[in-house]
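Try each task before you read its solution.

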Amino acid sequence: MPWDGEVANPIEEFSRVRAELGDTFAIEAPDTTYLFLFSPAGVQAFYAVEEAVASKGIADWQMLRRKLPDELFLDRRTFPHDLFARDDVAAYLDLVRDVLATTRAELGDDGDFDVFSFTRRLGHRIGLTTWAGPCGQPGARLDALIEALDALDGAAAFVEPGGMQEIAANGKATEYAALARAEELIAEAIAERDAEPVRFEDHFQRIVDAWAGEPNRAQGIARDVVLVHLGSMSNLFAALGWYLIDVVSRPAVLAAVRAGDRDVAERSALESLRLSQRSVMMRAVSKPCVIDDGTTQYSVERGVTLATLLPLTNTEGLDLEQWDPDRWQRRRLRADRLPAARELVTTFGHGPHTCPAQPFSLSVMTESVMDLVGHYDFTPHFASPTPVPGQIGGVARASTPCPMTYQARPSPHPSRREERRPSRELTRAELAERAARQ
Ligand code: HEM
C-alpha cells in the first residue's frame with residue numbers, strides 16, 4: 001500500500017491490478033490484509049456492514065494516526081454528528097455569508113489567485129467561524145491558527161502517503177508543536193467567549209459546554225475544535241476548488257448559477273464531487289463475518305480491512321466519465337441514470353456512515369460559488385488540472401497551480417454595490433444580537 005512504500009500512482013496501480021485479478025482481490029500489507037471489493041454486490045455489502053463488525057472509526061484512525069498525534073483522538077467529546085445533528089442550515093448560512101463578504105472585501109475589484117490556495121483559506125475561515133466562533137475573526141490569530149492547522153494537516157496521511165515514514169522517523173515533532181500552538185490560540189478564544197455578557201447558541205458554544213467544569217477544559221475544547229476542523233479540511237476546500245473550476249468553465253451552467261438557480265448549483269456541486277473523489281473507503285474487521293460479492297461468499301477474519309476505491313467505481317460505465325449535473329435529481333442519482341448498484345457512485349457515502357456534514361458542505365459549496373460568480377468574472381489561466389498522482393483518499397488535490405484572474409462584475413442593483421463595501425469585524429453588540437437571533 002502507498003504508505004508502506006513508494007507507489008507513484010496508486011489509483012492507476014489499483015486499476016491495473018483489478019483488470020488482472022477481477023472485482024474482488026486481497027492485498028497483503030505489513031499491518032493488515034486488505035480485501036478490495038468492486039462488484040455491485042460487493043460494494044453494497046461493504047456499505048451495509050455494521051460498525052460493531054467492521055469499523056470505519058478504527059480504519060480511519062489507523063490511517064490518520066500516521067500523521068496526527070495520538071493524543072488528539074483520546075477523550076474527544078464533540079464530533080461532527082453532534083454539531084450537525086439538528087438542521088442548522090439557517091444558523092450557519094448567516095456566518096458563511098459574512099465570511100464571503102469579508103473575503104470579497106479582501107479580494108477587491110480585480111486580481112488573481114491560485115484556485116486551491118484561495119479555497120483552502122476560505123475553507124479554514126468558514127470552518128473556524130462555524131465551530132470555533134472568535135477563532136474565525138480576521139487578524140493575526142486567525143493567520144497563526146491556519147498555519148498551525150496546515151502543519152497538523154491529517155489529510156497528508158492520504159494526500160502524501162509516501163511521506164508518512166519520514167513523519168514517523170521524526171516522532172511527529174512538527175505535528176506536536178503545531179498542536180500545542182493551536183491549543184494556545186484557541187485558549188485565547190475560549191477566554192473571550194467566557195467574558196461575553198450574553199450566552200451564545202452556536203456550534204462553538206456546544207463544544208465549550210461539553211467541557212464545563214473540567215480541569216483540562218481549555219485543552220479539551222481546543223482538541224475537539226482541531227479534530228472537527230481537520231476532518232472538514234480533508235475534503236471541503238478541495239471540492240470547492242474543483243466545483244468553482246467546473247462552473248466557471250461551462251458557460252451555460254455558469255449563466256444558470258449566476259441567475260440564482262440553486263438546483264443547478266447543487267447538482268453541479270455533486271457532479272464535481274463525484275469526479276474529484278480519490279477516496280479509499282475502509283472498514284477494519286473486528287468480528288469474523290461473511291462478505292458476499294455476488295458470486296462468492298468470503299469468510300473474513302478479525303484484523304482484515306475491507307476496502308473499495310471511489311475514483312474507480314465513480315467513473316465506470318454508462319457515461320460516468322463525463323461531467324453532467326443532469327444525472328442528479330436533487331441529491332440522488334436519477335433512476336434512469338443508475339449504475340448496477342446505487343452504491344457504486346459515492347459523493348457523501350451510503351448507509352450508517354453517510355457524512356453527517358453533507359447539508360453543511362453542500363450549502364457552503366453552493367453559497368460560495370453562487371456568491372463568487374455573482375460578483376466576479378473569472379478567467380482560468382491553466383489547462384485541465386490533474387489530481388496529485390500519489391494521493392489515495394479524500395477529494396483530489398491539484399498537481400499544479402491553477403491561477404485565475406478575477407474582475408468585479410457591474411452590480412445589477414444597489415444592494416449588491418452595498419455588499420461589496422469593505423466589511424469589518426462585528427462589534428460585541430452585533431455578535432450578541434446575532435447570538436440571540438440563533
Ligand atoms: C465536500 C465535503 C465532504 C465530502 C465529499 C465528504 C465525504 C464523506 C464520505 C464519502 C463519508 C463516508 C465515508 C465512509 O463511508 O467510509 C464521510 C463521512 C464523514 N464525514 Fe464527510 N465529507 C465532507 C465534509 C465533511 C465535513 C465538513 C466534516 C466535518 C466537519 C465531515 C465529517 C465526516 C465524518 C465525521 C464522517 C464519518 C461519519 C460516520 O462514520 O458515521 N465531512 N464524508
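Helices (H or I, at least four residues) and strands (E, at least two) are DSSP runs, numbered from the N terminus. The model is predicted, so local features need pLDDT of at least 70 and side-chain atom pairs count only at pLDDT 80 or more, while totals for chains, interfaces and linings use all residues. Residues are numbered from 1 along each chain as its sequence is written, and side-chain values use heavy atoms, with hydrogens and water left out.

**Exercise 1. The shell around the ligand**

Task: find which helices and strands each supply at least two residues of the shell around the ligand.

Solution: 
- Step 1. Start with the shell: 23 residues surround the ligand, where a residue counts if one of its heavy atoms lies within 4 Å. Among the closest are His81, Arg283 and Cys355.
- Step 2. Now look for the elements: helices H4 (80-84), H12 (217-233) and H13 (236-248) and strand S5 (280-285) each supply at least two residues. H4 gives the most, with three residues.
- Step 3. Look for polar contacts (pairs of N or O atoms within 3.5 Å). An oxygen atom of the ligand is 2.8 Å from a side-chain N or O atom of arginine 283, and for histidine 81 the distance is 3.2 Å.

**Exercise 2. Serine 39**

Task: decide whether serine 39 is buried or exposed, and find what its side chain meets.

Solution: 
- Step 1. Locate serine 39 in the loop between strand S2 (33-37) and helix H2 (40-48).
- Step 2. Compare with the cut-offs: buried means under 20% relative accessible area, exposed over 50%, partly exposed in between (1.4 Å probe, protein chains only). At 8%, serine 39 is buried.
- Step 3. Follow the side chain: a polar atom of serine 39 lies 2.7 Å from the backbone oxygen of aspartate 293 and one lies 2.9 Å from the backbone nitrogen of glycine 42.

Definitions and conventions: A polar contact is a pair of N or O atoms within 3.5 Å; within protein, one must be able to donate a hydrogen and the other to accept it, and residues adjacent in sequence count only if both atoms are side-chain atoms.
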